Amino acid sequence: MAPMSLRVLAAPSSDTSHVPTLILQSDSKKYMFNAGEGTTRVSAQHRASNTRVEHIFLTRVATETLGGIPGLLMTLADGGRTSINIHAPTNLKYALATTRFYARRDSMCVHAHEIGWQSPQACFQDDHIRVQSVPLVPFSYNDSAMEVDDQSDSDSQDPPSSGAEAEQWFDAVIRDAWKTQASAVSGQSPSRNPRPLPKPLAHAARVGESAGRQAAVLCYVVAGHARRGKFDAAQAAALGIPPGPAFARLSKGEDVDIQRPIQWAEMDQTARAQWLRAQKSGKNKRPAADSVLERELETVHIRSERVVGASRAGPVFFYMHVPTMEHLEALLQESAQNAFRPYTQTANTHLDETQQQMPHVIFHAVPLRVWQDPRYEAWRGTFGPQCHHIVATPELCADALTYTSSALSLLRLSKMDTHAFAVPGYRLEPAVHDPAAVPARANLFVNLQPRGAPTMLEPVAPIFDEPLEGMERKSGLPEAPETWNRYCCMADEARRAPGVPPASAAAGLADRVEFVTLGTGSSAPSKYRNVLSTLVHVPGDGYMVLDAGESTYYQMARRFGPGRDGWAGPGSGQGIESVLRQLKMLFVSHIHGDHHMGVTRLLLERRKLAPSSPLFLVTNNYTRFYLREYDRIEALGLRDGSVIALDNELFNWQTGIDPDPQSTSAPVQVSQRMRQHWKALLKLANLKSIRTVSVQHRTSHCYGLVLTHQSGWKLVFSGDTMPCQALVHAGRGATVLIHEATMQDDEAELAAAKGHSTIGQALQIACDMQASHVLLTHFSQRYPKLARLGTTKVDVPPIGIAFDMARMTPATMRRLMAGHDAMALLLESEPEGDGGEESEPPSDKAPGATCIMDEPEVPRKRSCTSRHVQTVFEHRYVVLAFASSHKEAHAPSALSVRVGIEHALQDMHGTIGAGVVVDVLYAGQPTGTPAPRVVGEAVVRVASEYVDNVVSAVSSAYGAALEALTGQQPNMRVSVQQVTHNPAMLGSNSRSWMTELMK
């Protein structure tokens, strides 16, 4: 029986879903249970590789269980996966189809398997596990009830489809969005067709605790296959079974027919042994007279159970998702009880211990009132005292920091400004203690086979295991004490620096406006930077959100704290609920997922509070389209008036409802209803004007935003864009410009190819716009902590550098200009020791046993307070050689090499965007004595986990990829010469790049 283990990827917290992600591993195969928002980032923080996850099981079609699925799927595809299976209740296919405009790949197939909720059923089985689903459906839910259409909804104009027709459409959309080869369908593909989806097959509940959401929830019973009993060789010999193929077949549970002497029962032990030895040696000549070997034979049928002991039951665990008291009532009904009855202590008492199927672990994703209900307590008691109950109930768990790498950087930066870089609040102890519960914690690990008690994996990330005061004492750089001391001196000078007055009275109008940079990275989240989102707090006038990448709500919840008052304490009115109630506007710049995959959760959490005023959602047509579709299975407020969705184009600065006075274009005609919404938005947010600007990115319908407050200050947000003169004209005289700065200045060509700006270009836009302050954000994840600003011009306005969870006002930006050098020194000196290879569970094997993992090293168990740092190699260095027989041939440029490798990765693995970061450190003449016809050499640095992808892609490059890689030189060949983790092993260190690297 293969070893089997269970890992809690993240506990319920302010950072993460209250329905956590579990990873079940059997041998080298992994299974994931639920994938809420942040799954990809949590995995990066804890070095939990998901590349071997082949099946994902969701307990409900809802944001808390599948919010992280689009991002996870794209990450898996970019990492080289070619297929993935998702199992979930009805409406899974509809939910996946709603993401068709932004979540898609041409390198991976997604297979969606919907599980009915009429009765418990066996829903999955493979060589390692079998899974049974147990549906919990509230009594108040009427599955046959017809949905009442909102006639004001344009989607209702589509004719209704039958269930079979709708499912075929969903399947076609998913197949087209996620595929490994070009579609053979002519014309517009199903996933790009603007036609609305048919209605979901199961409508949302309209009454009860699940109103507005999918009513049905699945619990899962997961069991490993039984291990065959031990083969009894002595018993086999007593039956006359000769060693050989018959032994193997019987061990596998098969029956066999053998031949043995008719007198077998009368033969003594010596005669039997002599006969068996002869069969084993294969003797076939006639023996001497009176030999036992010449006796007449008979055919005997032998059943496997006569020589094989009783099988050993496989391990069992339950994932119990019981979100409401109504679902608890459903659990207590006969059909559900029958599904769990075979695993109760009563049903297993009469069996041998090796035959018992009682669960070793039950994972409970339940609210406190369900956990404390006497009926639920009695139910879980039926599975015996040896069962471990791991509880994902917020009150029973600590609210620990999840993204500790980012928090540690903030803690160190706070030496310059304790408010701007304040570490968010956290709680180290549960609010409620229950000795019967094992509180869920990130990296909690349980061996299921062989059985073991819950323990903790060795940490691979910083640990915030003390109150903040204690963490401050441990926040230094022990591996570089001189650098730390120098930084502390520089930070102290920056902190003591006097405030810098604004350049003019107009420039100081927004000094009380606070910008909370919730997410500051691009493309995909990392442990240091989440994807883009900026919260704008205008004292007295509420809040606005500019873009909402995945986990935006959870970043806000961590920053402000739970409930009405949050971390600030009773009466402060500064908790997440207060912020959501005061949220006036949410602006989404374009359809790329890293800018809006957090919108659904944000709207859902706000709607729970039943706010008295509406939220205005200003977005592009594609985003609004998919949100209205998703609203059918989980009410976000788009149909009941609590969210008013408006098109970006309505506010176009040249042709919109309120064009810029300098515009010469004729404004478009808008309806009276839209004009009323516009006036209501201006009044609600206390704005003088709101205008959008069509900017230059890789996709259409991409907009920047220009806001003018009634007090006179102006805010400009660029969204994703190349340098755009229209934005300059529309935002001229901005008090604050928030501009994307995806690439460093030496990546200008790459930035242009991807439709982004460099840092220098963003600063130039600020100068051209005559902005008073500029806040740089949306940094490429290739610069995980701090991108290099380069040499700034004298006339550049005060620059703010965005970090996740930082809080800045324009006054802060001016003062922290004195701390930029200190920031650079600190963040370039921080070790990367909490990244690298995948963290795997501890091994319970005896010394000398063969390792069943394919990882280089297995971390050992630890005590809850210990900390161990492993040496890991984050990068590998790949040397490429370019050979040609042409006299005019020359080494390709670094840009050619980088673009060629990116194209090769796209061709072979479907890797696009920032899925694999390739840094070309050198491209030029070969060093030393080159091999014949070798005219050039390149050295490429790549993350260790992707080195095989790069090597295989380069080795197989062809067509356009090979042309780009060789600088458009025909008949030039490229080969991989060397791969190493140590740059000192690359030969001469006379190259300028290596000299710098080895300092």
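Residues are numbered from 1 along each chain as its sequence is written. Because the model is predicted, local features need pLDDT of at least 70, side-chain atom pairs count only at pLDDT 80 or more, totals for chains, interfaces and linings use all residues, and side-chain values use heavy atoms, with hydrogens and water left out. Helices (H or I, at least four residues) and strands (E, at least two) are DSSP runs, numbered from the N terminus.

The pairing of β1 with strand β16 (residues 444-449) is antiparallel and extends over 4 bridges. Two strands are said to pair if DSSP finds at least two bridges between them. Strand β1 also pairs with strand β2 (residues 22-26), again in the antiparallel sense, over 5 bridges. In this second pairing, S26 of β2 is the bridge partner of M4. Strands of a sheet pair through backbone hydrogen bonds, either parallel or antiparallel.

Strand β1 is largely enclosed by the rest of the structure, because 5 of its 5 residues are buried. Buried here means under 20% relative accessible area, exposed means over 50%, and partly exposed lies in between (1.4 Å probe, protein chains only). In a regular strand the side chains alternate between the two faces of the sheet. In β1, M4, L6 and V8 point one way, whereas S5 and R7 point the other way, and all are buried.

These strands belong to an open sheet of 8 strands with mixed pairing, in the order β6-β5-β4-β3-β2-β1-β16-β17. The edges are formed by β6 (109-115) and β17 (455-456), each of which has a single partner strand, so one side of each is left without a neighbour in the sheet. Strand β5 (residues 83-89) and β6 run parallel and are joined by 7 bridges. In this pair, I84 stands opposite V110 of β6. Helix α3 (residues 69-78) lies across β3 (29-33), β4 (53-57), β5 and β6, and runs at about 165° to β5. Axes are lines fitted to C-alpha atoms, for helices over the stretch in contact, and angles run from 0 to 180 degrees between N-to-C directions.

A second region concerns the packing of two helices. Two packed helices are described by the angle between their axes and the distance between the axes. The axes of helix α17 (residues 552-560) and α19 come within 7 Å and cross at roughly 55°. Helix α17 is therefore oblique to α19; angles under 35 degrees count as roughly parallel, over 145 as roughly antiparallel, 65 to 115 as roughly perpendicular and the rest as oblique. The contact (heavy atoms within 4.5 Å) involves T552, Y553, Y554 and M556 of α17 together with R601, L602 and E605 of α19. By class, 4 nonpolar, 1 polar and 2 charged residues take part in the contact of α17 with α19.

Helix α19 (residues 599-608) is mostly covered, with 8 of its 10 residues buried. The buried residues of α19 are V599, T600, R601, L602, L603, L604, E605 and R606. Just after this helix, A610 adopts a positive phi of about 50°.

Several loop positions were also examined. Residue A215 lies in the loop between α5 (163-177) and β9 (217-224), and its relative accessibility of 1% means that A215 counts as buried. Apart from neighbours within four places in sequence, A215 contacts R60, L136, P138, Y141, A205, S210 and H327. The C-alpha atoms of A215 and I633 are separated by 9.8 Å, although the two residues are 418 residues apart along the chain.

Residue S522, in the loop between β18 (514-519) and β19 (533-538), is likewise buried, with a relative accessible area of 6%. Beyond its neighbours within four places in sequence, S522 is in contact with D594, T742, H778, F779, S780 and Q781. By contrast, M722, in the loop between β26 (714-717) and α22 (725-730), is partly exposed, with a relative accessible area of 27%. With neighbours within four places in sequence left aside, the contacts of M722 are Q696, A752, G755, H756 and S757.

Note on methods. Ala, Val, Leu, Ile, Met, Phe, Trp, Tyr, Cys and Pro count as nonpolar, Asp, Glu, Lys and Arg as charged, and the others, Gly among them, as polar.
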